[in-house]
Amino acid sequence: MIEVIEARKRYWRRTILQGVSFKAEKGAVTCLIGLNGAGKSTLMKAIMGLTPLTSGRILIDGHPIGPAVYERVSFIPDHLTLPPSMKLWEGLRFMADFYANWNGEKAAELMKFFRLSATDRIGNLSKGTAAKFNLVTGLALDSDYVLMDEPFSGIDMFSREMIADVFASDLIEGRGVLLTTHEIGEMEHLIDQAVLLADGVVLRDFKCEAMRDAEGKSVVDVMREAYLA
Ligand SMILES: Nc1ncnc2c1ncn2[C@@H]1O[C@H](COP(=O)(O)OP(=O)(O)OP(=O)(O)O)[C@@H](O)[C@H]1O
């Protein structure tokens, strides 16, 4: 389980997170929702140790974040970070050389799943294809948790469906997924838990199925209530 406990973050004089707490369970898809600038990416980066919290704690399966736990968590940012001059196969080789927990078989399976061509150059990929390759590089790491920042952003409907299929496949099963997205409508059925952020605090934190069963509300319904109230 990823536990974020009373996370506070200040950039200079601006307070972005004012005591955010939530849990993202293994085997579940947890979605961080918030309007632009709510601090979603900041939280993701803090979990990966890429930006320090001003105060608060983050635990992965009970252990404070640090080098020992990073192999168990992979982070898929909202853009590809591999050099544009590389061909896809070179990017995969780079990942294999760099990460001890790289799983070549999984990478090959994902390349096939997304119908990507290993001889294409990263810099020439369309936005949606780059997003798919970005997912390949993150999901082919054998990690217990996967963090994804806006995996559906700017991607056409069919590519989104393809990415959604990965969520339902054994490539994800058993792992904990924490993602941010603006495209909540179509992706709602993939999400187990939603955490709504605003003004640096958690407005709502709920299990989607229980919310549907108990109150007949979709995630979008709860978002309307929370953000338009
Ligand atoms: N390095 C930084 N220095 C100063 N301010 C920053 C820095 N990084 C982020 N911020 C500010 O922190 C706030 C939260 O940013 P963050 O990227 O976490 O939001 P977000 O919820 O991911 O937004 P979006 O939905 O637009 O991606 C924003 O107002 C942003 O301008």
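## Exercises: strands and a ligand shell

UniProt, in an unreviewed entry, places the feature "domain: ABC transporter" at residues 2-224; its positions follow the numbering used here, feature names are shortened, and annotations may be inferred rather than shown by experiment. The model is predicted: local features need pLDDT of at least 70, side-chain atom pairs count only at pLDDT 80 or more, and totals for chains, interfaces and linings use all residues. Residues are numbered from 1 along each chain as its sequence is written.

**Exercise 1.** Find the strands that pair with β4 (residues 55-60).

*Solution.* Helices (H or I, at least four residues) and strands (E, at least two) are DSSP runs, numbered from the N terminus. Two strands pair if DSSP finds at least two bridges between them.

- Step 1: β1 (residues 2-11) pairs with β4 in the antiparallel sense over five bridges. Here R8 has S55 as its bridge partner in β4.
- Step 2: β5 (residues 63-64) runs antiparallel to β4, joined by two bridges. I60 stands opposite H63 in β5.
- Step 3: Two residues lie between β4 and β5 in their hairpin, and D61 in the turn has a positive phi of about 45°.

**Exercise 2.** Describe the shell around the ligand by residue, class and helix.

*Solution.* A residue is near a molecule if its C-beta atom, placed from the backbone, lies within 6 Å of it.

- Step 1: The residues are Y11, I16, G34, N36, G37, A38, G39, K40, S41 and T42.
- Step 2: By class, three are nonpolar, six polar and one charged; Gly counts as polar, Tyr as nonpolar and Lys as charged.
- Step 3: Helix α1 (residues 40-47) gives the largest share, three residues.
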